[in-house]
2 protein chains.
Amino acid sequence: MGLERLSLNTKTTNSWTLADAVDGAARAGIPALGLWRDRVQEVGVEKATKLVRDAGLRVSSLCRGGFLTASDPAGIAAALEDNKRAVEEAATLGTDALVMVVGGLPEGDVDLAGARERVAERLAELAPYAQAAGVKLVLEALHPMYVADRAVISTLGQALDLAAPHPVDAVAVVVDTFHVFWDPDLAAQVSRAGAEGRIASYQVCDFNLPIPADALLARGMMGDGVIDFASITRMVAGTGYAGDVEVEIFNEAVWASDPDEVLATMAQRYRDLVLPHL
Amino acid sequence: MGLERLSLNTKTTNSWTLADAVDGAARAGIPALGLWRDRVQEVGVEKATKLVRDAGLRVSSLCRGGFLTASDPAGIAAALEDNKRAVEEAATLGTDALVMVVGGLPEGDVDLAGARERVAERLAELAPYAQAAGVKLVLEALHPMYVADRAVISTLGQALDLAAPHPVDAVAVVVDTFHVFWDPDLAAQVSRAGAEGRIASYQVCDFNLPIPADALLARGMMGDGVIDFASITRMVAGTGYAGDVEVEIFNEAVWASDPDEVLATMAQRYRDLVLPHL
């Protein structure tokens, strides 16, 4: 089959419940799921864990912790609490990867350097908690078009710099093709991430043009956009990465399609564009 | 007045002819213009030169050369010819700064590394021509959201790497706040650009959210978006940069406004947000 390392992120089949996604992945021969917390919370973490396990599937990652950039005491405390809950959920679900979207600028604030410092501070507070629970805080560099409103981590190199003070089993990074494909320093930083033992997840989807009116929905099915999956996959594989390859697509047209057909297309594109280079 | 270093890029007053922009800038006490080639070509380069000079203004830059990523012989030859003409136009207009938007991926091509190599090759061919004409090819790093369709140079560091093989009076860089504000390595790269004598232009405008349906139009008036002009301006000024500060805004609402009011707002925002840090 060749799908042994393929994982379906539940966002790709946005119209499906968690139970639907578990059944659909099992039908399609996809052995792993990347779960979003809201989808998990629809049934509760215990039941979600049982649903996935009973179907013989595994959880490749939990998405998402983060939003660590608040500058007010109440916001900081709330972020710490929420991330501790997310760590616990990941541990219960049996994944060691909690993907972190670290948050943008507080409303009305333009101090990007300050927001980045606060991320470092919050990580220092959370890392021991995560490590004790057997869960890694997996820092996600987001495309720079989201720097102000989603994540002040904009490059893989910056994510690695933020991870550096912490043990590798406490803070790691994800390589998501959509967010990093443009980076002229990508090959060097993927290589560094591998050498430092920090790659906890490899996520693939394409970058579609034109960027839609809601810029969050520019993610596309592999092969529909402008990303060179061969070269990026070879970079990641070259580090010895042997984990799952998760497909997470935010896209109106994909969401409007029959999810079973989306899974069939996803599996085929994975076989054609990614698997030969793994 | 404090406007001695302020320059109006003609794109900011998109509804104005060149003659209108010259008159408007003179009325507003703005001493310099950044010119787009299409606006120059409406009257011809000789007449454009005379219009600007007769009003007592100067040209801070000509925009734009570039589009160097073609991979077919005809496309390569056409790009070289067009850029040589742009160099001549800049020389005639009396500016030493030809801003280069280097182009994206050829249609259907996803080989970003290859496109970047071709930019380096074309620059090697054009640099001696520009230097002989007394004009610098001013490389513009564009925001990574434009990497595939506008410019495969995505960071200031990458622009400096591409400039490095060439004399400083042949290839330089522009620091445009909109395109680089997100870069976690910005302070180091601006400092490097200054130390290497490569900063030929400083351009300011804001980054507005949400990104509009046409992503090219996300540029905003300083103060309307998420950019920290104080910190970036201090970085640039800290290198000893003593040149013009050009304001280039692509924005439907700005374009729909009375251009004289746009200039008044622009001058005020410049005084409030940029000038104190120069």
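Buried area is the accessible area (1.4 Å probe) that two parts lose on being put together, summed over both. In this predicted model, the area buried between chain B and chain A is about 2,000 Å². Each of the two chains also holds a closed barrel of 8 strands with parallel pairing.

**Where the chains meet**

- Carbon and sulfur atoms give 72% of the area buried between chain B and chain A.
- On the chain B side, V110(B), W182(B) and P184(B) lose the most area to chain A, and together they account for 24% of what that side buries.
- The contact is made by 27 residues from chain B and 27 residues from chain A.
- The side of chain B that touches chain A is made up of 17 nonpolar, 5 polar and 5 charged residues.
- Between chain B and chain A there are 0 salt bridges, while 4 residue pairs are in polar contact, both residues being at pLDDT 80 or more.

**The barrel of chain A**

- The strands of chain A close in the order β1-β2-β3-β4-β5-β6-β7-β10, and the twist from one strand to the next averages 30°.
- Strand β1 (residues 6–9) of chain A runs parallel to strand β2 (residues 32–36) of chain A, and 3 bridges join them.
- Within this part of the sheet, S7(A) stands opposite A32(A) in β2(A).
- Helix α5 (residues 112–133) of chain A packs on the sheet and touches β4 (97–101), β5 (136–140) and β6 (171–176) of chain A. The direction of helix α5 makes about 140° with that of β5(A).

**The barrel of chain B**

- In chain B the barrel runs β1-β2-β3-β4-β5-β6-β7-β10, with neighbouring strands turned by 30° against each other on average, direction ignored.
- Strands β4 (residues 97–101) and β5 (residues 136–140) of chain B run parallel and are joined by 4 bridges; A97(B) stands opposite K136(B) in β5(B).
- Helix α4 (residues 73–93) of chain B lies across β2 (32–36), β3 (58–66), β4 and β5 of chain B, at about 180° to β3(B).
- Helix α11 (residues 259–274) of chain B also packs on the sheet, where it touches β1 (6–9) and β10 (245–247) of chain B. The direction of helix α11 makes about 140° with that of β1(B).

**Salt bridges**

- Side chains of opposite charge can pair when their charged atoms come close.
- Over all chains, the whole structure contains 30 salt bridges.
- One salt bridge joins the side chains of D82(A) and R37(A), at 3.1 Å from N to O.
- This pair links distant parts of the chain, 45 residues apart: D82(A) is in helix α4 (residues 73–93) of chain A, and R37(A) is in helix α2 (residues 37–43) of chain A.

Key
Residues are numbered from 1 along each chain as its sequence is written. Chains are lettered from A and ligands numbered from 1 in the order in which they are written. This is a predicted model: local features need pLDDT of at least 70, side-chain atom pairs count only at pLDDT 80 or more; totals for chains, interfaces and linings use all residues. Side-chain values use heavy atoms; hydrogens and water are left out. Contact means heavy atoms within 4.5 Å. A salt bridge is a side-chain nitrogen of Lys or Arg within 4 Å of a carboxyl oxygen of Asp or Glu. A polar contact is a pair of N or O atoms within 3.5 Å; within protein, one must be able to donate a hydrogen and the other to accept it, and residues adjacent in sequence count only if both atoms are side-chain atoms. Ala, Val, Leu, Ile, Met, Phe, Trp, Tyr, Cys and Pro count as nonpolar, Asp, Glu, Lys and Arg as charged, and the others, Gly among them, as polar. Two strands pair if DSSP finds at least two bridges between them. Axes are lines fitted to C-alpha atoms, for helices over the stretch in contact, and angles run from 0 to 180 degrees between N-to-C directions.
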